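Hello,

I am passing a structure on to you, and my notes on it follow below. Please have a look at it first, then read on.

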Amino acid sequence: MELFKDIRQVFDFAIEKEEASYQLYTKAAAMVSSTASRKMLEEMAGQELGHKRLLQGLDREKVHEYRFVKVPDLKIGDYLVDIEYRDDMTFQEILVFAMKAEEKAARLYSEASHLTDVPEIQRMLLMLANEEKKHKFNLESMYDDKILTEN
């Protein structure tokens, strides 16, 4: 992770990414006709805002109470090509873009946890990595349901 000189740079970068994810999920939610998909995307948007707030002001209680869960990986995103963000993206493209973004965010947080010796910050970064894995799983599930099975 030579890109970052210190943990603050990681946090600043992550805050920007969480905001971008919030915007993306809000846009995607407005594009879907399925009430269940819209609700899930709106919930993910809200979670991204929560991640941003967590990064902005370390919420020690939330970090301490967090329970890690093993998140399944459908690996759908592993077989898809990265795409550049565009304002006119289709729903399928948004899902692919978001899957890849969540995968990268999980990796960023996991690797960033090694940049600090502060256990509380390490735990918060690992918690965020776990949350991003959940988002990737949700997106892959939606992609499987809405794109792969409908085509």
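Arg 8 sits in helix α1; helices here are DSSP runs of H or I with at least four residues, numbered from the N terminus. Leaving aside residues up to four places away in sequence, Arg 8 touches Ile 15 and Leu 55, where contact means heavy atoms within 4.5 Å. From Arg 8 to Gly 46 the C-alpha distance is 23 Å, and the two are 38 residues apart in sequence.

A word on the background: this is a predicted model, in which local features need pLDDT of at least 70 and side-chain atom pairs count only at pLDDT 80 or more, while totals for chains, interfaces and linings use all residues. Residues are numbered from 1 along each chain as its sequence is written, and side-chain values use heavy atoms, with hydrogens and water left out.

Now to the helix α1 (residues 7-31) and its partner α4: their axes come within 11 Å and cross at roughly 160°. Axes are lines fitted to C-alpha atoms over the stretch in contact, and angles run from 0 to 180 degrees between N-to-C directions. The two helices, α1 and α4, are therefore roughly antiparallel (angles over 145 degrees count as such). Among the residues making this contact are Ile 7, Phe 13 and Tyr 25 of α1, and Phe 91, Phe 97 and Tyr 109 of α4. By class, the contact of α1 with α4 has 15 nonpolar residues, one polar and two charged; Ala, Val, Leu, Ile, Met, Phe, Trp, Tyr, Cys and Pro count as nonpolar, Asp, Glu, Lys and Arg as charged, and the others, Gly among them, as polar.

A second pair is α2 (residues 35-56) and α5 (residues 119-148), which pack at about 165° with axes 12 Å apart. That makes α2 roughly antiparallel to α5. Their contact includes Met 40 and Met 44 of α2 and Met 124 and Met 127 of α5. This contact of α2 with α5 has ten nonpolar, five polar and four charged residues.

Finally, have a look at Thr 116, in the loop between α4 (91-112) and α5. Thr 116 is buried, with a relative accessible area of 8%. Its side chain reaches the backbone nitrogen of Val 118 at 3.1 Å. Not counting residues up to four places away in sequence, Thr 116 touches Ile 7, Ile 121 and Gln 122.

Best wishes

Conventions: Parallel < 35°, antiparallel > 145°, perpendicular 65-115°, else oblique. Buried < 20%, exposed > 50% of the residue type's maximum accessible area, 1.4 Å probe, protein only. Polar contact = N/O pair within 3.5 Å; in protein donor to acceptor, adjacent residues only side chain to side chain.
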